[in-house]
Amino acid sequence: MFIIDIKFNGGNMKKIYFKELNNYFNQEVTLEGFVDNIRDLQYVQFVILRDSTGKVQMTIEKENNDELVNIISNLPLESTIKVTGKLLESPKVKLNGMELIPEKIIVTSKCDGELPFNYKDLSNVNLDTRLDYRFIDLRNEKNALIFKVQSALVKYMREYLYDNNFTEIHTPKLIGAASESGSEVFEVKYFDRKAYLAQSPQFYKQMAMAAGLERIFEVAPAFRAENSNTNRHATEFTSFDLEFSYINNFEDVMNLEAEMLTYALGKLKEEMGDKIKEVFGIDVIVPTLPFPTMKLKDIYEELESRYGYKIDESEKNDLTTEAEKLILKLAKDKYNHEFMFVIDFPAEKRAFYHMRDENGVLQGYDLIWRGVEITTGAQREHRYEEIVKNAKEKGLGEDVAFYLDFFKYGCPPHGGFAIGIDRLTMLLLDVPSVKESQFLFRGPNRLNP
């Protein structure tokens, strides 16, 4: 019998993060991080160390410290080191009122050559260059914070769902049939046959409803073969999908989404609102419930009467990009709100699995936030005869036969939605493009790094 003794306190398994250093005054600590800056003066060296949570000053008196001084004198910035020393409370030190007095320094990696650009000042750096060297670009505090915010936002969305009896599942991204509409999918070679990258987990979410799981969600990549080069589109993105059963109508889906977003933004503001304000200069606005709702037809009437926005009648069966932008103004002017649910879309504009009422009106919605669509949600068609009929109307046959089987043996009324996490983050932090709110952007012209 083998016993493995893992020590988290005092051993090497637990890293001390710089944000925690207030708990370690007058103690010997071992810190690891990047060398952010060096000031080499006549009698002393000041070294600023950086980790993912903050910075700390290391102070080396040159007298009787030849070995440490020599290490620092020959060390390029952006190298990484491991330092053991005593942490002192020093009110005169501008950086957090503390300093580390080192006893031992180990160089764990050396920066080899000049950085491709100054990540601390990106004002004149081309975005494509930044994306080519994303591992340098993300050393910028503001850019790194994007993903800490994104992580916290997803955490609280998950938290809301876990608290409401949802189960997280993981569906395949390699599928044997072109999903949903059969268009805008990436085809890949799968041994001796074709496969496709999933546009969404929609079919499998509904399979979970037929299985009786009742409430499920997934956070996972989705793929769209769209040759689109806007600031909000990507060929691969992270989708936050959910589906739940025993709904009365699609308003139940809208209400759950509104509650989830309100909860997540409220918790995010508590945890990171001050930091977001400091770095991005914006407030996290927690919405009020309920979110306003308007019919598509009424939206266009209001946009024309209020703001003079006119388009041809043939274009009014969906939201134009300009209409989405104007909805932010309409939502603020009419409801003092940033969110707007838009309903009553014609069924021909939506997927065959969306339910329609007896008049053919789609039982679904778009959610617009800050002038951009972030969600298409709906009550799904769960009745076998109806969904078979809808699929035939869309010209879908054998490709979706496996999916139609889900509804043969009983399936409860259900609905759901999906949110693009990268787009949500872009809008939350008011960054210019989804290219910056994705860890690694994928678009028609970018597959690297």
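Visitor: Leaving aside its neighbours within four places in sequence, which residues is Gln-150 in contact with?
Guide: Contact means heavy atoms within 4.5 Å. With neighbours within four places in sequence set aside, Gln-150 touches Ile-421, Asp-422, Thr-425 and Ser-437. Before we go on, a word on the source: this is a predicted model, where local features need pLDDT of at least 70, side-chain atom pairs count only at pLDDT 80 or more, and totals for chains, interfaces and linings use all residues. Residues are numbered from 1 along each chain as its sequence is written, and side-chain values use heavy atoms, leaving out hydrogens and water.

Visitor: Where is Gln-150 found, and is Gln-150 buried or exposed?
Guide: Helices (H or I, at least four residues) and strands (E, at least two) are DSSP runs, numbered from the N terminus. Buried means under 20% relative accessible area, exposed over 50%, and partly exposed in between, using a 1.4 Å probe and protein chains only. Gln-150 sits in helix H4, and with a relative accessible area of 14% Gln-150 is buried.

Visitor: How many helices and strands does the chain have?
Guide: There are 12 helices and 16 strands. The C-alpha atoms fill a box of roughly 90 × 65 × 40 Å along the principal axes. Of the 449 residues, 50% count as buried. As for contacts between residues at least 6 apart in sequence, 65% of them join residues at least 24 apart.

Visitor: How do I read two helices packed together? Say, at what angle do H4 and H6 pack?
Guide: Two packed helices are described by the angle between their axes and the distance between the axes. Axes are lines fitted to C-alpha atoms, for helices over the stretch in contact, and angles run from 0 to 180 degrees between N-to-C directions. H4 (residues 141–163) and H6 (residues 250–280) pack at about 150°, with axes 9 Å apart. That makes H4 roughly antiparallel to H6; angles under 35 degrees count as roughly parallel, over 145 as roughly antiparallel, 65 to 115 as roughly perpendicular and the rest as oblique. The residues of the H4 contact with H6 divide into 19 nonpolar, no polar and 10 charged. Here Ala, Val, Leu, Ile, Met, Phe, Trp, Tyr, Cys and Pro count as nonpolar, Asp, Glu, Lys and Arg as charged, and the others, Gly among them, as polar.

Visitor: And at what angle do H7 and H8 pack?
Guide: H7 (residues 296–307) and H8 (residues 321–335) pack at about 75°, with their axes 10 Å apart. That makes H7 roughly perpendicular to H8. Residues in this contact include Ile-299 and Leu-303 of H7 and Leu-326 and Leu-330 of H8. By class, the contact of H7 with H8 has 8 nonpolar, no polar and 5 charged residues.

Visitor: What about Arg-130: buried or exposed?
Guide: Arg-130 counts as buried, at 8% relative accessibility. Arg-130 lies in helix H2 (residues 127–132). Beyond neighbours within four places in sequence, Arg-130 is in contact with Phe-117, Leu-122, Val-125, Asp-137, Asn-143 and Glu-436.

Visitor: Now the backbone. Which peptide bond has omega near -5°?
Guide: The bond from Leu-289 to Pro-290, which is cis. Pro-290 is in the loop between H6 and strand E12 (293–295). Another cis peptide bond joins Asn-448 and Pro-449, with omega about 0°.

Visitor: Which phi value does Tyr-246 have?
Guide: Tyr-246 has a positive phi of about 60°, although it is not a glycine. Tyr-246 lies in the loop between strand E11 (236–245) and H6, and Tyr-246 is exposed, with a relative accessible area of 54%.
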